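Please keep the sequence and the structure in view while reading.

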Amino acid sequence: MRTPPSLCVIVTIHDQDLLLAYEAEGKFSKTKSSILYLFVGLGDTDKITDLPNVVIARNLANNIENYKYLVDFTAWYAIARNQIETCDYVSLLQYDVSISEDFTEKSLIALDSNRDAIVGYVPLEMGDRNFIRDNMGFKPLEIACKNIYGIEISPLLKSHIKLAHDKKWPTTNNVAMHRHTLEDFVRWFTPLAMSMGNEKSVGHAFERAIKLYSILSGRSNVYLGDVLSHFQMNSHETQDFKKDKSVFHRLLTKN
């Protein structure tokens, strides 16, 4: 008999007090998934060091915590390069999200029907100006792909936008995939990340690289637009807006 697939929810977070508030309120408990927090950055961790479901990235043998503008990729890298035990499938979430009660069920259905797919929870049309035309992350990604892999990605993506059946892309870094896909993405993107360096635009390049990787590796994208809301806190202030963290932290804790 085939063993049912499992899904781990891995939440990237950088504030220990917010993490503890999430745990106290059972923010992710309704998913009925295994929850692992990947703590990134240089914030205080004295209150969470001994929690069994917390991994502090900077304490791991293999970490890239000096590249703070890589945002969630520092967590992805930590998981893949330190052989952190996960489930068959992983939902990689940013801390500033709210998810539905059927999040795990729908994610597993989408992934189990195509184990090589990458699920995106916040889909957007690739024709949108923010995908490549007017985004600060595209040019650095374009240069890095040329330098590292000898690939001209601009005509490739424009052709895909025009001709491909799938005209969407999984925006944000809230996605799900098989753990082997995660390992392969980290293998592929790490040289690009190191080439681009610790610049504000790199996190935006990472977000767009998920779609590029899907195309280059022949992996399909599946979109679940009704199970997750993203509050886009802009923690690293790489975009031209700010939000009142105290207000949104209270909102995030309750949802």
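Arg187 and Asp184 are three residues apart in helix H6 (residues 179-196), so about one helical turn separates them. Helices (H or I, at least four residues) and strands (E, at least two) are DSSP runs, numbered from the N terminus. A salt bridge joins Arg187 to Asp184, with the closest N and O atoms 2.9 Å apart. The term salt bridge denotes a side-chain nitrogen of Lys or Arg within 4 Å of a carboxyl oxygen of Asp or Glu. Arg187 is partly exposed at 45% relative accessibility, and Asp184 is partly exposed at 24%. Buried means under 20% relative accessible area, exposed over 50%, and partly exposed in between (1.4 Å probe, protein chains only).

## Basis of the model

The model is predicted: local features need pLDDT of at least 70, side-chain atom pairs count only at pLDDT 80 or more, and totals for chains, interfaces and linings use all residues. Residues are numbered from 1 along each chain as its sequence is written, and side-chain values use heavy atoms, with hydrogens and water left out.

Strand S1 (residues 7-13) pairs with S2 in the parallel sense, over six bridges. Two strands pair if DSSP finds at least two bridges between them. Within this pairing, Thr12 stands opposite Leu38 in S2. From S1 the chain passes through helix H1 (residues 16-25) to S2, and this β-α-β crossover is right-handed. A crossover is right-handed if, with the strands pointing away from the viewer, the path from the first strand over the helix to the second runs clockwise.

S2 also runs parallel to strand S3 (residues 54-56), to which three bridges join it. Here Phe39 has Ile56 in S3 as its bridge partner. Five of the six residues of S2 (residues 34-39) are buried, so this strand is largely enclosed by the rest of the structure.

## Salt bridges across the chain

How many salt bridges does a search of the whole structure find? The search finds ten. In one of these, the side chains of Lys47 and Asp17 meet at 2.8 Å, N to O. Lys47 lies in the loop between S2 and S3, whereas Asp17 lies in helix H1, so the pair ties together parts that are 30 residues apart in sequence. Lys47 is partly exposed, with a relative accessible area of 46%, and Asp17 is partly exposed, with 43%.

Lys106 forms a salt bridge with Asp226, and the closest N and O atoms are 2.9 Å apart. This pair links distant parts of the chain, 120 residues apart: Lys106 is in helix H3 (residues 103-112), and Asp226 is in the loop between strand S10 (221-223) and strand S11 (228-230). Lys106 is partly exposed, at 28% relative accessibility. A network of salt bridges links Asp102, Lys106 and Asp226.

## The disulfide

The structure holds one disulfide, a term for a pair of cysteine sulfur atoms within 2.5 Å. Cys8 and Cys87 form this disulfide, and their sulfur atoms are 1.9 Å apart. The torsion about the S-S bond is about 70°, so the disulfide is right-handed. The pair links distant parts of the chain, 79 residues apart, with Cys8 in strand S1 and Cys87 in the loop between helix H2 (73-81) and strand S4 (89-94). Cys8 is buried, with a relative accessible area of 9%, and Cys87 is buried, with 14%.

## Helix H4 and its surroundings

Helix H4 (residues 138-149) has twelve residues and should span 16 Å at 1.5 Å a residue; its end C-alpha atoms are 16 Å apart, which agrees. The expected span is 1.5 Å times one less than the number of residues in the helix. Gly150, which follows H4, has a positive phi near 70°.

Which residues of H4 are buried? They are Phe138, Pro140, Leu141, Glu142, Ala144 and Cys145. Cys145 has a relative accessible area of 1%. The cover over the buried residues of H4 includes helix H5 (153-163), H6 and helix H7 (202-217).

Thr181 belongs to helix H6 and is buried, with a relative accessible area of 1%. Apart from its neighbours within four places in sequence, Thr181 is in contact (heavy atoms within 4.5 Å) with Arg115, Asp116, Ile118, Tyr213 and Arg219.

Leu111 is located in helix H3 and is buried, at 0% relative accessibility. With neighbours within four places in sequence left aside, the contacts of Leu111 are Leu7, Tyr89, Ala117, Val119, Ala176 and Met177.
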